Amino acid sequence: VIVFILLFMYFMIPKIDLISMPGTVTGIRLQDLITFFVFIVLFDCKINKERVFLLFLFTLHLLYSILFWQSFTSIYGYFRMIEYFFVAKGIIFIIESGYWRNFFNYTFVLILITALGQYVALIPNIDPGRGIIYSNQFSGPFGTPTELTYFMITAMYLSYQVDRVGIVKFTCSSLVLLNGVKAGILGFLVLALQHIKNNIVVIVLLIIFTTASIFLIYDYVLIGIEFIKEIFARIAISGGATSQGMNITDISEESLRYRVDKWSTTLVQLIENPLALIFGFGVYSYTSALDGGILKFLFEFGFLPFLMIMFILFRISRSFFFIVIAVSTFFDSYTSSVTMPVLIATFQIINKKLHNKKNEG
């Protein structure tokens, strides 16, 4: 019960910095204290060899980040990632105790009430970076509409792994797309594929998500072509000075234009630094939002760890692999305090299922 209450507070309390941290976009929050209490409640003396080895590699990468790139913000990122593992442990504890359905239902209802209030401008959005905002582009109890959208996708997928979510809840959760985060359609397309079993409602939703995704992908492919052209142009001209932004005027949507500008600068930095291209610059070395979790992971950890993780994900579950891709292409999912713990918990649940099947076989 204590873990249930603590995690409910972790996800549902607005994320407001209690103490700001220099060089990072997030400071010390109430969620950090809640995680500490979760750690105390769930602490045991059991040693998991795989986790110890993972912690060793992570610590090694931290030392590399400091020694080679002077990325001292990686120290903060190091402890933040460990914190997400403890939140994930709390989620798994709730699942194994048989309370996940109740937890998700209570969370879902509070998000629904908050989102409706924000949509009709009765309740404000509380953004840690921009403050209090009244807008029908609702974000629920989270900082941004994007964070809410991808939390719903990851939480729905985890729920499907635990107890097979019903069509009503799936349909209601898809209404989160009304907050304007178009890229979230890709995640709900993957979720719809999990539900399709000659269910006419799911088939209709699948057709809608597929059609919307085609238009979305087509738009982004055109942007991607221009993105690649600009990168090669920057590398060819004066070595591609990384301190300058790209002058992109052909992209109609302002948010996409800024995103591509940041992406291009980041990718050129990697290309110009071969060591970072392989091992990255260090976790939290990119100190602001990149709006692209895959590229941010490449920037902070490099291609070698990225390829290893993609191989592991693809091997254990194709659908989970595509969920991770869907929530990471246009969102910094692995540094998000609401999506990353859910992804970690989902990975462990799927991995445990595979081990149980092998033992039964």
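Mentor: In this predicted model, salt bridges link D32, R80 and E83 into a network. The general idea is that side chains of opposite charge can pair when their charged atoms come close.

Trainee: How many salt bridges does a search of the whole structure find?

Mentor: The search finds six. One of them joins R80 to E83, with the closest N and O atoms 3.5 Å apart. Both residues belong to helix α4, three residues apart, which is about one turn of the helix.

Trainee: Are R80 and E83 buried or exposed?

Mentor: R80 has a relative accessibility of 5%, so R80 counts as buried. E83, at 12%, counts as buried too.

Trainee: Which parts of the chain does the salt bridge between R101 and D163 tie together?

Mentor: The closest N and O atoms of R101 and D163 are 3.0 Å apart. Because R101 lies in helix α5 and D163 in helix α6, the pair ties together parts that are 62 residues apart in sequence. R101 is partly exposed, at 49% relative accessible area, and D163 is partly exposed at 21%. Another salt bridge, between D332 and K296, has an N to O distance of 3.8 Å. D332 sits in the loop between α14 and α15 and K296 in helix α12, 36 residues away. Both D332 and K296 are buried.

Trainee: How should I read a pair of aromatic rings?

Mentor: Such a pair is described by the distance of the centres and the angle of the planes. A search of the whole structure finds 34 aromatic pairs. For W69 and F281 the ring centres are 4.7 Å apart and the planes stand at 65 degrees, so this pair is edge-to-face. W69 lies in helix α3 and F281 in the loop between α11 and α12, so the pair ties together parts 212 residues apart in sequence. W69 is partly exposed, with a relative accessible area of 25%, whereas F281 counts as buried at 10%.

Trainee: What is the geometry of the pair formed by F170 and F188?

Mentor: That pair is tilted, with 6.4 Å from centre to centre and 50 degrees between the planes. F170 is in helix α7 and F188 in helix α8, 18 residues apart. F170 counts as buried, at 0% relative accessibility, and F188 likewise counts as buried at 0%. Elsewhere, ring pairs build a cluster whose members include F4, F11, Y99, W100 and F151.

Trainee: Which residues have the most contacts inside the largest nonpolar core?

Mentor: They are L7, F11, I91 and F151, in a core of 87 residues. Helix α4 gives the most to this core, with ten residues. F151 touches several residues beyond its sequence neighbours, among them F11, T107 and V342. L7 and F11 are among the buried residues of helix α1, whose cover includes α2, α4, α5, α6 and α15.

How values were computed
Residues numbered from 1 in each chain as written. Predicted model: local features only at pLDDT ≥ 70, side-chain atom pairs only at ≥ 80, totals over all residues. Heavy atoms only, no water. Buried < 20%, exposed > 50% of the residue type's maximum accessible area, 1.4 Å probe, protein only. Helix = DSSP H or I, 4+ residues; strand = E, 2+ residues; numbered from the N terminus. Contact = heavy atoms within 4.5 Å. Core = buried A, V, L, I, M, F, W, Y, C linked by side-chain atoms within 4.5 Å. Phe/Tyr/Trp six-rings, centres within 6.5 Å; stacked < 30°, edge-to-face > 60°. Salt bridge = Lys/Arg side-chain N within 4 Å of Asp/Glu carboxyl O. Lists of a residue's contacts leave out its neighbours within four places in sequence.
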